[in-house]
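Here is a short report on one protein model.

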Amino acid sequence: MDFRFTPEEETFRTEVKTFLKTELTPGWDEQFDTETEMGVVAQGDFAKQFNRKLSERHWLALPWPPEYGGLGATVMQQVIFNEEMAYTGAPTGFNMGVAWVGPSLMIYGTDEQKQEFLPRITNLEHIWCTLYSEPSAGSDLASLQTRAVRDGDEWVINGQKIWTSGAHRSNWGWLAARTDPSAPKHKGLSMFLVPMDAPGITIQPLINMAGQHGFNEVFFEDVRIPAKYLVGQENMGWYQLAVALDFERSSIAGSARARRIWEELLRCARENPSFVEERPEIRYRLAEVGIEIDIAKYLSYRVASLQQAGKIPNYEATIAKLYSSELGQRLAGTGIQLLGLYGQLHPKSRQVRLRGWMERYYQMSVAETIAGGTSEVMRGVAAIRGLGLPRG
Ligand SMILES: Cc1cc2nc3c(=O)[nH]c(=O)nc-3n(C[C@H](O)[C@H](O)[C@H](O)COP(=O)(O)OP(=O)(O)OC[C@H]3O[C@@H](n4cnc5c(N)ncnc54)[C@H](O)[C@@H]3O)c2cc1C
């Protein structure tokens, strides 16, 4: 592949950087005390305004056609955008409506569904959560048990989902449910659009190890939705899920975010020589992580360049995800080691360094090798599809 960007792509990068410099002035994120309820709310409001500005520029769903609120942008433009947003730490969050609900509807949705839902994803009226995982179905997603049964003009849903990120902040859910229990497990699933305020839905918070409320359990008890909210063909849901492949899959945000944190660690080490003096292992580790960040970036560029050439990345995207999520954990470990006992301090501590980032990052990075497919499963894919090894 050619690692250079075209002049048009460089111009777009400059445009994104200029926008970010104007909107996110130095210290913008220091105004929120995210350890308090009020701070979290204020941060959420700021993020909403910021995302509204992205929406006005048609930047929320760059590759989508203009009639649905996108710019018809290329894969590389999307990569540049994601890279700059992640490096700056912009409050964009992960938008599941843009990532897979919209792309799936563009391929499998009815005209009515496209008109009803696509513009409302890009104007932020609808916020989506993803209802896949269940207590006994994660890596082996096809064994999910939540049932959807047709009853006249409606579907009736019963079951339980788990780890549903942002369900408490979403008004729509993208649901995988079993519609034919007698068929082999991959063949009896269907996809649905579910209003999260439908009677019979209960959302219970799950608090993660960092003490934050990111995901939830969602219970369905005789939840009725109109028949028109089935997406695509009944019982073909498993195969439709694969359309998420069409979305940008380079994992570029992981290495861009890591670079920013690494640069902060270097700055901290320069300002506090005692952290690195007579500790060659830390100096070497910092150099090593810097190299690993570049490796992660180029693995991501490789995936993007395949997509740009119209090919569907397979194990290449798996390897990029695996490498960048594990890199996040290695970097967090290096940061904690560099800061010594300071590294363990909570952001609220008076003695804190780097605003307590490392303690937060260390805990949050644990989830990165689970969400979106565990490292073990990723290694399995790389072994079978990448190296051609037999199944274990
Ligand atoms: C931060 C976060 C956000 C999430 N958000 C969502 C969301 O919004 N919606 C949603 O539906 N889900 C979400 N998930 C769930 C996520 O998709 C699952 O946690 C993930 O797929 C793993 O499934 P599991 O937790 O059931 O673990 P299991 O699949 O039970 O795995 C347990 C262990 O067994 C290993 N294992 C399993 N199968 C294999 C195999 N074939 N080979 C080798 N080892 C194997 C795993 O690697 C793991 O170590 C989220 C998870 C996290 C951490």
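The sections below take the strands, then the helices, then selected residues.

## Basis

This is a predicted model, in which local features need pLDDT of at least 70, side-chain atom pairs count only at pLDDT 80 or more, and totals for chains, interfaces and linings use all residues. Residues are numbered from 1 along each chain as its sequence is written, and side-chain values use heavy atoms, with hydrogens and water left out.

Helices (H or I, at least four residues) and strands (E, at least two) are DSSP runs, numbered from the N terminus.

## Strand pairing around E3

Strand E3 spans residues 154-161 and runs antiparallel to strand E2, residues 147-151. The two are joined by 5 bridges. Strands count as paired if DSSP finds at least two bridges between them. Ala148 has Ile157 in E3 as its bridge partner. Asp151 stands opposite Glu154 in E3. The hairpin of E2 and E3 has 2 residues between the strands. Gly152 in this hairpin takes a positive phi near 65°.

E3 also runs antiparallel to strand E7, residues 213-226. Here 7 bridges make the link. Trp155 has Ile225 in E7 as its bridge partner. In a regular strand the side chains alternate between the two faces of the sheet.

## Helix H9 against H11

Two packed helices are described by the angle between their axes and the distance between the axes. Helix H9 (residues 315-339) packs on helix H11 (residues 375-386) at an angle of about 145°. Their axes are 9 Å apart. Axes are lines fitted to C-alpha atoms, for helices over the stretch in contact, and angles run from 0 to 180 degrees between N-to-C directions. The crossing of H9 and H11 is left-handed. That term applies if the near helix is turned anticlockwise from the far one by less than a right angle; clockwise is right-handed.

H9 contributes Tyr315, Thr318, Ile319, Lys321, Leu322 and Glu326 to the contact, and H11 contributes Ser375, Met378, Arg379, Val381, Ala382, Arg385 and Gly386. Contact means heavy atoms within 4.5 Å. The residues of this contact divide into 6 nonpolar, 3 polar and 4 charged. Ala, Val, Leu, Ile, Met, Phe, Trp, Tyr, Cys and Pro count as nonpolar, Asp, Glu, Lys and Arg as charged, and the others, Gly among them, as polar.

## Helix H10 and its cover

H7 and H10 pack at an angle of about 145°, with axes 12 Å apart. Their crossing is left-handed. Ile261, Glu264 and Leu265 in H7 meet Trp357, Met358 and Tyr361 in H10. This contact has 5 nonpolar residues, no polar ones and 1 charged.

Which residues of helix H10 (residues 357-364) are buried? They are Met358, Glu359, Arg360, Tyr361 and Gln363. Buried means under 20% relative accessible area, exposed over 50%, and partly exposed in between (1.4 Å probe, protein chains only). The cover over these buried residues includes helix H7 (252-271) and H9.

Phe12 sits in helix H1, residues 7-23. Phe12 is buried because its relative accessibility is 5%. Setting aside residues up to four places away in sequence, Phe12 touches Trp59, Leu62, Gln77, Ile80 and Phe81. Gly335 is 323 residues from Phe12 in sequence and 33 Å away, C-alpha to C-alpha.

Leu124 lies in the loop between helix H5 (111-122) and strand E1 (128-131). Is Leu124 buried or exposed? Leu124 is buried, at a relative accessible area of 13%. With residues up to four places away not counted, Leu124 touches Asn51, Arg52, Ser55, Leu60 and Asn95. Leu124 and Ile162 are 38 residues apart in sequence and 24 Å apart in space, C-alpha to C-alpha.

## Loop residues

Ser182 is found in the loop between strand E4 (172-178) and strand E5 (189-195). Ser182 counts as exposed because its relative accessible area is 68%. A polar contact of 2.6 Å joins its side chain to that of Asp180. Such a contact is a pair of N or O atoms within 3.5 Å; within protein, one must be able to donate a hydrogen and the other to accept it, and residues adjacent in sequence count only if both atoms are side-chain atoms.

Leu354 is buried, at 16% relative accessibility.
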